[in-house]
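Take a look at the chain below. This report walks through a few of its helices and the residues in and around them.

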Amino acid sequence: QHKSYILSSFYWGYVLTQFPGGYLSRRFGAKITILIATFASAVCSFITPTCVRLGGWPIFCVIRLLQGLFQGVIFPAIHDHLAKWSPLHERNLLGALSLSGTDCGTVIALASSGFIASSSLGWPGISYVSASLCFVWCAVWLVFASDNAPSSKFISPQECKYIETSLERNDDFHKQKIPVPWRAIFTSVPFLAFLVGRCAEAWGFTTLQAQIPSYMHGVLNMEIKKNGLFSALPYLTMWLSLYVYLVIANLLTKRNILTLTAMRKTINTISLWIPALLLISIGFLDSSQQTLAIVLMTLNVGINGGSTIGCTLNTIDLAPNHAGILMGLSNTIVNIVPILSPLLVGVIVTDKVNNSLKSGN
């Protein structure tokens, strides 16, 4: 149960700051919002080993909760940032490239964690290495990032004009305060449909993300080094598949084969239904079917990569001027799912080393 609490605790904080994240980004700008959130998360990561030695798993839960609080503001701020920087015809490309960073980070973290933990650094090394990389990123972001094109020091006048013209914005746009249409948001059928899709995707994705290492070790009997590599494989596939989806999406829309809305619906359907069927299949495998289990998990997460284009970027389509608010609001609701899924796994799975679903566990 302690492990379930630790896995779930991040989302206790994460869900609380999703909605404020959209507001903070509108109020102070995406640059400073993302910078503070990432820097604070790095500090939490750096102090984790020392704090855990002193206070055990309850302190670990507190640290993960704090990390969740800080990281909760990041995605709403990213969507607000994308809405200000992405020309209409480049929205899929820039959005997918930006959000693919999550998959890239997951791949690197899972693939390297086993080696770091088994090295002389031990498991604390995972926290120290992660924190150090975050500190370096913060320095780069502080120098080069800007809230919008007109305020950037590293952009040509021609490129700035291209971006602002594409978004149909004048010189005074970024100084305006646009009221949030709360009633229209909560009564919007497209927005409510978007919420349903995101909740469904979050349930399957976060369950796999949290449980793959445990499944690899407890059910498939894999050692820690192989566990880390094979745990990363599905997310490497997801990262790469996102670019495949991106090429297909651009092809479908540029050649007018599908409208933007039809393209998003088609890709989202594929990226949710097929992984759902594969996830059911995985539940019937045991340690004698390691290869098949890894193949199915890899296909599951890889095919699910289309949800970024099919669903997540839809906030910018629905309301570019309120993309951060929509993302924050939706993520507040959606991230209730990752709070519940580890706890549910802890209740359902009573034998973590049992090799077969057929035995009743």
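Helices here are DSSP runs of H or I with at least four residues, numbered from the N terminus. Keep in mind that this is a predicted model.

## T38 in helix α3

Start with helix α3, which covers residues 30–71 and holds T38. Is T38 buried or exposed? Buried means under 20% relative accessible area. T38 has a relative accessible area of 11%, so it is buried.

The side chain of T38 reaches back to the backbone oxygen of I34, at 2.8 Å. Setting aside neighbours within four places in sequence, it touches I74, C134, W137 and C138.

Helix α7 spans residues 157–166, and C160, I163 and E164 are buried in it. Why do the buried residues line one face of the helix? Seen down the axis of α7, they fall within an arc of 90°, so they share that face.

What do these buried residues pack against? Their partner is α4, residues 74–85. The other side of α7 has exposed residues: Q158, K161 and T165.

## The largest nonpolar core

Which residues make up the largest nonpolar core? There are 9: A96, L242, Y245, L246, A249, L252, M263, I267 and I309. Two helices, α10 (224–254) and α11 (260–282), each supply at least two residues of this core. The biggest contribution comes from α10, with 5 residues.

Now pick out M263, one of the core residues. Neighbours within four places in sequence aside, M263 is in contact with N92, A249, L252, T253, L258 and I309. Of these partners, A249, L252 and I309 also belong to the core.

## The loop between α10 and α11

Between α10 and α11 lies a loop, and N256 is found there. N256 has a phi near 60°. That is a positive value in a residue other than glycine.

Is N256 buried or exposed? Exposed means over 50% relative accessible area. The value for N256 is 66%, so it is exposed.

Which residues does V337 contact, leaving aside neighbours within four places in sequence? They are C199, A202, W203 and T206. Take A202 as an example. V337 and A202 are 135 residues apart in sequence. In space, their C-alpha atoms are 6.6 Å apart.

Definitions and conventions:
Residues are numbered from 1 along each chain as its sequence is written. This is a predicted model: local features need pLDDT of at least 70, side-chain atom pairs count only at pLDDT 80 or more; totals for chains, interfaces and linings use all residues. Side-chain values use heavy atoms; hydrogens and water are left out. A nonpolar core is a set of buried Ala, Val, Leu, Ile, Met, Phe, Trp, Tyr and Cys residues joined through side-chain atoms within 4.5 Å. Buried means under 20% relative accessible area, exposed over 50%, partly exposed in between (1.4 Å probe, protein chains only). Contact means heavy atoms within 4.5 Å. A polar contact is a pair of N or O atoms within 3.5 Å; within protein, one must be able to donate a hydrogen and the other to accept it, and residues adjacent in sequence count only if both atoms are side-chain atoms. The arc is that of the directions from the helix axis to the C-beta atoms.
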